[in-house]
Amino acid sequence: MDDSPRGSGGDHGPHQAIGDPVGKATLLLVDDRDENLLALEAVLEPLGQPMLRARSGEEALRHLLTDEVAVIVLDVQMPGLDGFETAEQIKQRDRTSDIPIIFLTAISQDLQHRLRGYGTGAVDYIFKPVEAEVLRAKVSVFLELHRKTRQLRDQAEELARKSSDLERSNHDLEQFAYIASHDLQDPLRVIAGFVELLGDRLGDADDPKVREWMTRITSTAGRMSSLIADLLAYARGGGGAAPPEPVDLDAALARALEDLGPLLADAGASLHCGTLGSAMGHAGDVTQVLRNLIANAVKFGRRGVSVNVDVGAEVSGGIVTVSVRDNGRGVAEADTERAFQMFERLEDQPYPGTGLGLAVCRRILERAGQRIWMTPNTGPGVTVCFTLAAVPG
């Protein structure tokens, strides 16, 4: 590989990559001498990459119009477009501007000559005669860089695809929420209405068996309505989150307790609530999370033991951590994560509810970039904590 008189060799055609296995990065070798191209191929063949030949700057530019090239090894001294001019045109094209160029030259080793090479966008400058191991090592580095860049690009495309799929899935969930809130709830209300009419029609001629069947119908319709409402909440919880705003946590807790009034009264539950303060979020979401957590604490109370629920909050490092502690049946340490899965039941015996309360809480909070977790108490019961961003000072 020197600047000996020009020779002639066989023509490989403008688009032929020598040994072009599918999926491998291509090297573009540019030199107006066939013997130099052959020598370059021999040096770089151990890398196992396909190689394209170009005998001029113009031919190299034509290759780059159609072929994906990872590295260009470019001779400086060529008739027509020389190496510097070829590199300048390569760097001006958006499609090829990032391809690394290694210059080969035997013309001059002075600083100005090298600076011109780097100024045109070359990443390296090698003088002839070339040391085979050095050239091979440098090309190998740029091939690895190309491989990793392509891998990152593929991952970005896959991420974009998954993001699009997720957006479409969220849209489908929103559509489901609409159907659930209208088309599914209406038949249940009709069923409950007709059962009530049947009860009125029976009047004093009440048949105990019929009355039992009617009670079961009403109870089943109620459970189905609750399930649909929870599925609706779960679907809505995965939608796009609006920008958070300051939320009065004490007001959200008051609304949750008002909604739970009958349940708390029937259970004779005792609540101890500290001052929660405020945090960033959405009032409706925070109310729903608190309502679900307190309802769970009541549902999983121990038989014959009064239900006690403590609700508090702490602020640290810009994060508000709200805790709901109960004295109920508790959850084994190994099952605390399972408790947040959809329809997960940790006990064999039936209990009221749809099995979606904690799943809805997690979905709402994770959508907002927050956390929720459960910890068994030292004594009876568990403590469920969730985080919210503190209101900026």
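This is a predicted model: local features need pLDDT of at least 70, side-chain atom pairs count only at pLDDT 80 or more; totals for chains, interfaces and linings use all residues.

Q: Which residue does Arg168 form a salt bridge with?
A: Asp165, and the closest N and O atoms are 2.5 Å apart. Asp165 is partly exposed too, at 27%.

Q: Which residues are linked with them in a network of salt bridges?
A: The network links Glu158, Arg161, Lys162, Asp165 and Arg168. Within it, Glu158 pairs with Arg161, again with 2.5 Å between the closest N and O atoms. Glu158 is partly exposed at 31% relative accessibility, and Arg161 is partly exposed at 41%.

Q: And what does Asp259 pair with?
A: Arg291, with the closest N and O atoms 2.7 Å apart.

Q: OK, switching to packing. At what angle do α9 and α10 pack?
A: About 150°, with the axes 9 Å apart. Anything over 145 counts as roughly antiparallel, so that's what α9 and α10 are. Their crossing is left-handed.

Q: Which residues of α9 make the contact?
A: Asp285, Gln288, Val289, Asn292, Leu293 and Asn296; the α10 side includes Leu358, Cys361 and Ile364. By class, the contact has seven nonpolar, four polar and two charged residues.

Q: Last one: which residues of α2 are buried?
A: Gly57, Glu59, Ala60, Leu61, His63 and Leu64. Their cover includes β2, β3, β4 and α3.

Conventions:
Residues are numbered from 1 along each chain as its sequence is written. Side-chain values use heavy atoms; hydrogens and water are left out. Axes are lines fitted to C-alpha atoms, for helices over the stretch in contact, and angles run from 0 to 180 degrees between N-to-C directions. Helices (H or I, at least four residues) and strands (E, at least two) are DSSP runs, numbered from the N terminus. Angles under 35 degrees count as roughly parallel, over 145 as roughly antiparallel, 65 to 115 as roughly perpendicular and the rest as oblique. A crossing is left-handed if the near helix is turned anticlockwise from the far one by less than a right angle, and right-handed if clockwise. Contact means heavy atoms within 4.5 Å. Ala, Val, Leu, Ile, Met, Phe, Trp, Tyr, Cys and Pro count as nonpolar, Asp, Glu, Lys and Arg as charged, and the others, Gly among them, as polar. Buried means under 20% relative accessible area, exposed over 50%, partly exposed in between (1.4 Å probe, protein chains only). A salt bridge is a side-chain nitrogen of Lys or Arg within 4 Å of a carboxyl oxygen of Asp or Glu.
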